[in-house]
Amino acid sequence: MQHFFTYIESRLGNIYSKNEIKSISHLLLKQFAGINSVQIHSSKDTKFTDDVINKLKMSVDRLHNGEPIQYILGETDFFDLCFKVRPGVLIPRPETEELVELILKNHKNENNHIRLLDIGTGSGCIAVSLAKNLPNAKVSAWDISAEALKIAKENAEIHQVSVDFCIQDICKPELLEKKSDKWDIIVSNPPYVCESEKAEMKIHVLDHEPHLALFVKDDDPLIFYRVIFLYAKKNLKKGGRLYLEINSHLGKETLSLFQQQPFERTELYQDLSGQDRMIMVIL
């Protein structure tokens, strides 16, 4: 096993920190050798089969080429659940867990049948996590990507929750013209990273994750928030709530967009690192 640690450090030492390499090593050993973090110290003399060695080396080579570890493993953890992920779907982030936690904090004890919509569901991490923790809720989830919805449906099946998935473009004018008052909660983690921020991002994100789910033009960074606002204004029930993850650099600007409207309440929340990250609006 020591040969593996030496190999991965030599291949990835210029790309990842020591702590990141340690974490990646543990993930790969668990996935391909069946050795968890607790067993590693007692398994130092373990000899791998040729098949395991080949899988470990191939994975390290893919990491060296910038591919995210989550795509290599085909899964990632989110809100204490394991989600399938593949190229074509955004990898769930820890910050988004805080958005789910905020919603559950406000609605966990509600026994009525909440109607909830997740706009831009991606892997389904938000919709599935909420459906799992709000068993009485009727959850729907939209995305413009058929590939993303395919993965989201797999995740719903794995976790045995009912989510109504639909391919939908929130920017379609005819969708924004309809009025239904049917949702108690609308949640979204839309694309919000400005193209000018690409220079600050890691290569494994830029080269492998879907830009459609990440980036917006610098001259109109709040485009999706305006569109979601228009839809929510017509389709949230009175007293309904809109929850949004936002660009931490645009907290005040995004908040101002909603404060210009006669909503009952609009609040800006920070994530665990103290960055502006979420907005809640009560109609």
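**Ground rules.** I worked on a predicted model in which local features need pLDDT of at least 70 and side-chain atom pairs count only at pLDDT 80 or more, while totals for chains, interfaces and linings use all residues. I numbered residues from 1 along each chain as its sequence is written, and side-chain values use heavy atoms, with hydrogens and water left out.

**Entry 1, the helix pair.** I began with helix α1 (residues 2-12) and helix α2 (residues 18-33), which pack at an angle of about 130 degrees with their axes 11 Å apart. Helices (H or I, at least four residues) and strands (E, at least two) are DSSP runs, numbered from the N terminus. The axes are lines fitted to C-alpha atoms, for helices over the stretch in contact, and the angles run from 0 to 180 degrees between N-to-C directions. I therefore put α1 and α2 down as oblique to each other, on a scale where angles under 35 degrees count as roughly parallel, over 145 as roughly antiparallel, 65 to 115 as roughly perpendicular and the rest as oblique. The crossing of α1 past α2 is right-handed; a crossing is left-handed if the near helix is turned anticlockwise from the far one by less than a right angle, and right-handed if clockwise. At the meeting of the two, I found F4, F5, I8, E9 and L12 of α1 against I21, I24, S25, L28 and L29 of α2, where contact means heavy atoms within 4.5 Å.

Which side chain of opposite charge is nearest to E245? I looked at E245 in strand β9 (residues 236-245) and found that it is buried yet has no salt bridge, the nearest such side chain being R277, 4.6 Å away. For burial I used relative accessible area, with buried under 20%, exposed over 50% and partly exposed in between (1.4 Å probe, protein chains only). For charge, Lys and Arg count as positive and Asp and Glu as negative, with His and the chain ends not counted. A salt bridge is a side-chain nitrogen of Lys or Arg within 4 Å of a carboxyl oxygen of Asp or Glu. Leaving aside neighbours within four places in sequence, the contacts of E245 include E95, S188, N189, Y192, Y225 and R277.

I282 lies in strand β11 (residues 276-282) and, at 3% relative accessibility, counts as buried. I noted that I282 and G240 are 42 residues apart in sequence and 5.8 Å apart in space, C-alpha to C-alpha. Not counting residues up to four places away in sequence, I282 touches G239, G240, R241, F263, E264 and R265. K234 lies in helix α10 (residues 223-235) and counts as partly exposed at 30% relative accessibility.

By the rule used here I count twelve salt bridges, and I looked up three of them. R62 pairs with E67, the closest N and O atoms being 2.7 Å apart; R62 counts as partly exposed at 31% relative accessibility, whereas E67 counts as buried at 14%. E147 forms a salt bridge with R86, the closest N and O atoms being 3.8 Å apart. E147 lies in helix α7 (residues 146-158) and R86 in the loop between β2 (81-84) and α5 (94-107), so the pair ties together parts that are 61 residues apart in sequence. R86, E147 and E154 are linked in a network of salt bridges. In the third, between E209 and R93, the closest N and O atoms are 2.8 Å apart. Because E209 lies in the loop between α9 (203-206) and β8 (215-216) and R93 in the loop between β2 and α5, this pair ties together parts that are 116 residues apart in sequence. E209 counts as buried at 5% relative accessibility, and R93 as partly exposed at 25%.

Where does D80 lie? I found D80 in the loop between β1 (75-78) and β2, with a positive phi of about 65 degrees although it is not a glycine, and exposed at a relative accessible area of 82%. Q160, in the loop between α7 and β5 (163-167), has a phi near 55 degrees, again a positive value in a residue other than glycine, and counts as exposed at 71% relative accessibility.
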